[in-house]
Amino acid sequence: IGKTCNLQHPSRAFQVGEHHYNTGNDLFACMLDKQMIYSCGYWKEADSLDEAQEKKLRLVFDKLSLREGMKVLDIGCGWGGAARFAAEHYNVSVTAITVSSEQAGVARERCAGLPVTVSLCDYRTLQGVFDRIYSIGMFEHVGHKNYRTYFEVISRCLKPDGLSLLHTIGGNTTTTNGDPWSCKYIFPNSMLPSASQITRNYEGLFKLEDWHVFSHDYSLTLKAWHENVEKHWQSLQSRYTETFHRMWQYYLLSFSGAFRARSIELWQILLSKQGVRGEYRVPR
């Protein structure tokens, strides 16, 4: 069906937010780190999930060379952890968007008093111009029929000398559909891009500055999330059924195994519109 139909059409954009990201803030608060970052941590010299997620955020923002006063766009902001971190530690203003009403509410609370604006909207409706744009764990919901549109939106909203970072799970082969089980039970309308699908669709719009692979780190992150859920399950089971518990266990552990087996990948892709002039050493 994904070959002919646009499963990620704007009319369907909010389905994954309603089905998955609105599952329950209590569940995600127990499962995730203290900043509620729902994406792969960076475990280089990290001993805990909290450390791994902070190192990931610093990695992202250092790659983007954030400087005080910049206007930054966060596409798929989750519960606002990355936007808050950028505003607090890099003194930038952030416009953040999500398709989850539950995420938007929490993000606004967590970013109160900071130069962070949180909106409930689809990325295709974005307006404005920004110094830096990043997307962490959102591209998996874009869909192959919309990849070019995504990069056109980034190009339209990014200043000529700007940088954009894409943090996404990737697949080793080109497909037009997502995994049937995860699409049905976990992430409706999702699919993993291949490297060729990404490069083909940003061609002519961006220049590649860096492609960073740290897939095994997502296996570690998912195992940490699973351990947190199990540790807090007694307090969660009054709201969530045992069927949900088994489904959630399978989701976290099967994805962890897939990353460990390198069946799927984790990529950070740094793009510029004009090409960075002179020597630029990308942080690791």
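I looked up Cys-121 and found it buried, at 17% relative accessibility (buried is under 20% relative accessible area with a 1.4 Å probe, protein chains only). The model is predicted; local features need pLDDT of at least 70, side-chain atom pairs count only at pLDDT 80 or more, and totals for chains, interfaces and linings use all residues. Residues are numbered from 1 along each chain as its sequence is written, and side-chain values use heavy atoms, without hydrogens or water.

I searched the whole structure for disulfides and got zero (a pair of cysteine sulfur atoms within 2.5 Å). For Cys-121, the nearest cysteine sulfur is that of Cys-77, 9.2 Å away. I then checked Cys-157, which is buried at 0%. Its closest cysteine sulfur, in Cys-121, is 10 Å off, too far for a bond.

Next, the nonpolar cores (buried Ala, Val, Leu, Ile, Met, Phe, Trp, Tyr and Cys joined through side-chain atoms within 4.5 Å). The largest has 38 residues; Met-31, Tyr-38, Trp-225 and Trp-248 touch the most other members. Helix H10 (242-260) is among the elements that each supply at least two residues. H10 gives the largest share, eight residues. I noted DSSP runs as the basis (helices H or I, at least four residues; strands E, at least two; numbered from the N terminus). Another core, apart from this one, has 29 residues, including Leu-64 and Ile-136.

Notes. Buried < 20%, exposed > 50% of the residue type's maximum accessible area, 1.4 Å probe, protein only.
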